[in-house]
Amino acid sequence: MKMITVIGSMNMDLVVDTSRVPENGETILGNSFYTFPGGKGANQAVAAARLGGDIHMIACVGNDGFGTELTRNLHEEGVDTANVSYSSEKSTGIANIILSEKDNRIIVVPGANYELTPQMIEGLRDIIKMSNVVVMQLEILPETVKAVLKFCDELTIPVVMDPAPAKYFDVDMISSIRYITPNQYECEQLFGLELDEALEIYPNQLIVTLGKDGVRYFDGEKHIHVEAIQTNAVDTTGAGDTFNGALAYAISHQYALYDAVKFANAASSLSVEKLGAQSGMPTKEEVEARLAR
């Protein structure tokens with residue numbers, strides 16, 4: 001089995017579905033409310049596990065009901081949770097998600113995610129060094145992200161980085177990242193450049209997701225555009241996380257970059273067809289069937 005270690009956040013998603021977003025100071029009635037397991041790290045772990053990957057999660061949750069439920073959910077999805085720790089100081093992280101007009105707005109409260117420290121990572125080196133790919137995001141402490149990147153750099157372990165929230169990204173990190181996968185808005189925040197220019201500076205490394213317009217990267221000679229697969233989107237919350245988990249799975253199985261991006265793009269298209277970040281994450285067979293179609 002190709003081992004993927006996901007180091008990142010675990011949150012409970014508190015989702016409100018509404019016909020429109022309220023104006024400042026306005027109260028409106030929503031349509032429905034749900035709770036779903038989430039957090040970019042956990043989502044990406046589930047996405048890769050559904051595809052058949054050997055997935056290990058390194059994270060921190062609160063010693064509370066949400067933390068217990070999130071850890072149990074990962075275990076049931078086939079993710080190894082032996083290195084999910086429990087904080088007695090902070091509650092489990094949450095994400096407040098507003099769904100409206102087939103799009104989303106998200107507020108994240110990190111909680112126990114910020115209890116995952118560089119010192120804890122130091123004690124997990126033996127697990128990390130067995131990884132074929134490490135997957136990260138920016139919903140944990142920046143110093144913890146940097147500690148992981150430094151260690152992976154020393155051991156030449158490829159890192160797939162979802163640089164969200166983009167405000168916590170340090171451009172110095174990029175030399176230690178094999179594939180960085182912002183959406184177009186995040187790409188502009190990160191580099192302050194037009195899309196084509198940014199892609200050309202980071203060939204075969206910067207992979208930009210464009211939602212309904214697909215995915216783009218630069219292969220060193222030409223711009224590559226993998227078009228989106230048309231789908232009936234219900235909830236886009238987990239699309240980017242599905243893309244990253246699927247990309248990591250494909251890279252760990254030595255797909256060529258174009259094939260890996262195509263595979264991840266197809267997985268992402270399937271993920272938006274159900275409500276909840278993890279609910280629509282597909283199996284490998286489902287992705288291959290969509291690609292064949």
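Is arginine 20 buried, partly exposed or exposed? Arginine 20 is partly exposed, with a relative accessible area of 36%. Please keep in mind throughout that this is a predicted model.

Side chains of opposite charge can pair when their charged atoms come close.

**Second stop: the network around lysine 40**

Next select lysine 40, aspartate 162 and aspartate 241, which are linked in a network of salt bridges. Between lysine 40 and aspartate 162 the closest N and O atoms are 3.1 Å apart. This pair links distant parts of the chain, with lysine 40 in helix H1 (residues 40-50) and aspartate 162 in the loop between strand S9 (159-161) and strand S10 (179-180), 122 residues apart. Lysine 40 is buried, with a relative accessible area of 17%, and aspartate 162 is buried as well, at 3%.

The side chain of aspartate 241 meets that of lysine 40 in a salt bridge of 2.9 Å, N to O. Here again distant parts of the chain are linked, since aspartate 241 lies in helix H8 and lysine 40 in helix H1, 201 residues apart. Aspartate 241 is buried, as lysine 40 is.

H8 is mostly covered, 13 of its 14 residues being buried, and just after H8 you will find glutamine 254, which takes a positive phi of about 65°.

Now select the four strands that form an open sheet in the order S3-S2-S6-S7, with mixed pairing. Strand S3 (32-38) and strand S7 (103-109) stand at the edges, and each has a single partner strand, so one side of each is left without a neighbour in the sheet. From one strand to the next, the twist averages 20°.

To follow the pairing, begin with strand S2 (residues 11-17), which runs antiparallel to S3 and is joined to it by seven bridges; within this pair, aspartate 13 has phenylalanine 36 in S3 as its bridge partner. Helix H2 (residues 65-76) packs on the sheet, where it touches S2, S3 and strand S6 (93-100), and its direction makes about 100° with that of S2.

Moving across, S2 and S6 pair in the parallel sense over seven bridges, and methionine 12 stands opposite isoleucine 94 in S6. S6 is mostly covered, with six of its eight residues buried. S6 and S7 run antiparallel and are joined by seven bridges, and the bridge partner of isoleucine 97 in S7 is isoleucine 106. These two strands form a hairpin with two residues between them, and in its turn glutamate 101 has a positive phi of about 55°.

S8 pairs with strand S1 (residues 3-7) in the parallel sense over four bridges, and isoleucine 4 stands opposite valine 133. S8 also runs parallel to S9, with three bridges joining the two, and valine 134 has valine 159 in S9 as its bridge partner.

**Last stop: the cysteines**

Finally, how many disulfides does a search of the whole structure find? The search finds zero. Cysteine 60 is in no disulfide, and the nearest cysteine sulfur, that of cysteine 152, is 19 Å away. Cysteine 60 is buried, with a relative accessible area of 3%, and cysteine 187 also counts as buried, at 1% relative accessibility.

Methods:
Residues are numbered from 1 along each chain as its sequence is written. This is a predicted model: local features need pLDDT of at least 70, side-chain atom pairs count only at pLDDT 80 or more; totals for chains, interfaces and linings use all residues. Side-chain values use heavy atoms; hydrogens and water are left out. A disulfide is a pair of cysteine sulfur atoms within 2.5 Å. Buried means under 20% relative accessible area, exposed over 50%, partly exposed in between (1.4 Å probe, protein chains only). Two strands pair if DSSP finds at least two bridges between them. Axes are lines fitted to C-alpha atoms, for helices over the stretch in contact, and angles run from 0 to 180 degrees between N-to-C directions. Contact means heavy atoms within 4.5 Å. A salt bridge is a side-chain nitrogen of Lys or Arg within 4 Å of a carboxyl oxygen of Asp or Glu.
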